[in-house]
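Please keep the sequence and the structure in view while reading.

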Amino acid sequence: MFTAGPVACYPEVLKAMGMQMVSHRSAEYKGLHVATVALLQKLLETQNEVFLFSSTGSGFMEASVRNCVHKKMLVCVSGAFGERFAEVGVSNGKQVETVESTLGEPVTPDMLDEKLSKTKGVEAVCITHNETSIGLINPLQKLAEVAKSHGKLVLVDAVSSMGGTRIDVDRWGLDVCFSSSQKCFGVPPGLSMGSVSAEALKKSETAQNKGWYFDFKVWEKHQKKKGTPVTSVIPQISGLYTILQIIESKGGKQWFFDLYAQRNSRIREGVRKLGLTMFPRAGFESPTVNCVNSPEGVDGVAVYEAMRNLRFELAKGYGSVQNSTFRIGNMGYIEMETIDDMLKSLEYVINKLAMGTQ
Ligand SMILES: Cc1ncc(COP(=O)(O)O)c(C=O)c1O
């Protein structure tokens, strides 16, 4: 599977998830909870609280808005998931300003700086780290630096980057940084995990109508008791703990980031050898999802379908570039040899489809 998520899971993860259930109030669960949180804090270089939500990543996105924005937020939009962040703001009754890049381009620190200088009353800046829809990575550290220089909270959607590339939460000043289980961690969907700073928790204290399910203060209270306010998604947490332990046993997070980088460059190099180009601006290509321009006259969806017939599941292009691109993810459980096999099939498919256009 070379999807944009859910992805194939490590066999060890699937095995761990088959465990018999324990109560989410038991000593066994508390041990698992504390150990998983500690490993996530290590991965994210943070002393902040890390919550384990029984929801997908969009739940954590909603939580970040409800807890950290009283009135007004600014969203950096470079694709469909930035648009979703803005939509979540509007649907929760917030005033939403946006700073938007041309499709395929990142939001730059200068664009953000200019917008913040002109816009009054913004409390939080929302950033999509890795825009899965078009395989583009935004310059998160620099964007966060700009937001912080204006005294704003920084809310980060790291759904398709956490685990796949470095994120230093404390050093970069990220107030909320969340992800989903079904992406780089290679765990089935249903769990989201995110760090929440002391400043974000303080903001939450006076947030009105933030609901109960995603109230950071309620989660903080239960975190002190080594658990969650609602029933935890225990199988997913066991799976996450397992992959985090595997990472530790291989020497730590750099090993995992390097593995992602190796897979990613193998795919990109292979694609380049086929004479294909990447959709995002050079230098901002995602380390986890490759968005490839389909050759002239070849429909991206046809590439996706033909690859599927050869038993390789890629991802279709997204939105307005659906027919002109296709995506090749490198998240989850993928062996290097499988990448080579996939590239051979892609060569066959591209040649065949290109012939059909002549
Ligand atoms: C960048 C990004 N943000 C948010 C989401 C939504 O995550 P979820 O489906 O876990 O709610 C996705 C899912 O693909 C994503 O790629």
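Glu45 counts as partly exposed because 16 other C-beta atoms lie within 10 Å; by the rule used here, a residue is buried if 20 or more other C-beta atoms lie within 10 Å of its own, exposed if 12 or fewer, and partly exposed in between, with C-beta atoms placed from the backbone. The model is a predicted one, in which local features need pLDDT of at least 70 and side-chain atom pairs count only at pLDDT 80 or more, while totals for chains, interfaces and linings use all residues. Residues are numbered from 1 along each chain as its sequence is written.

The phi angle of Glu45 is near 50°, which is a positive value in a residue other than glycine, and Glu45 is found in the loop between α2 (27-43) and β1 (49-53). Helices (H or I, at least four residues) and strands (E, at least two) are DSSP runs, numbered from the N terminus. Lys226, although not a glycine, also has a positive phi, of about 65°, and Lys226 sits in the loop between α9 (216-224) and α10. With 15 C-beta neighbours inside 10 Å, Lys226 is partly exposed.

## The chain as a whole

The chain contains 13 helices and 12 strands, and its C-alpha atoms fill a box of roughly 65 × 55 × 35 Å, taken along the principal axes. For 358 residues, a compact globule would have a radius of gyration near 21 Å, and the 20 Å of the chain agrees with this; the radius is taken over C-alpha atoms, and the globule rule is 2.2 Å times the number of residues to the power 0.38.

Of the 358 residues, 50% count as buried. Two residues are in contact if their C-beta atoms, placed from the backbone, lie within 7 Å, and among contacts between residues at least 6 apart in sequence, 71% join residues at least 24 apart. Before α1 (11-17) lies the segment that holds Pro6, and a cis peptide bond, with omega about 0°, joins Gly5 and Pro6.

## Two domains

The domain assignment gives domain 1 (11-249) and domain 2 (253-356), with bounds that come from an automatic or database domain assignment. The contact between them takes 23 residues from domain 1 and 24 residues from domain 2, and the C-alpha centres of the two domains lie 27 Å apart.

On the side of domain 1 that touches domain 2 there are nine nonpolar, 11 polar and three charged residues. In this classing, Ala, Val, Leu, Ile, Met, Phe, Trp, Tyr, Cys and Pro count as nonpolar, Asp, Glu, Lys and Arg as charged, and the others, Gly among them, as polar.

## Nonpolar cores

A nonpolar core is a set of buried Ala, Val, Leu, Ile, Met, Phe, Trp, Tyr and Cys residues joined through C-beta atoms within 7 Å. The largest such core has 78 residues, of which Cys76 and Cys126 touch the most other members. Helix α10 (residues 234-249) gives the most to this core, with seven residues. Another core, of 28 residues, lies apart from it and has Phe279, Phe284, Val298 and Ala315 among its members.

Not counting residues up to four places away in sequence, Cys126 touches Met73, Leu74, Val75, Cys76, Phe85 and Leu155.

Cys177, in strand β8 (residues 176-180), is buried, with 30 C-beta neighbours inside 10 Å. Leaving out residues up to four places away in sequence, the contacts of Cys177 include Leu44, Val156, Ile167 and Gly194. Beyond its neighbours within four places in sequence, Leu201 is in contact with Val196, Phe216, Lys217 and Glu220.
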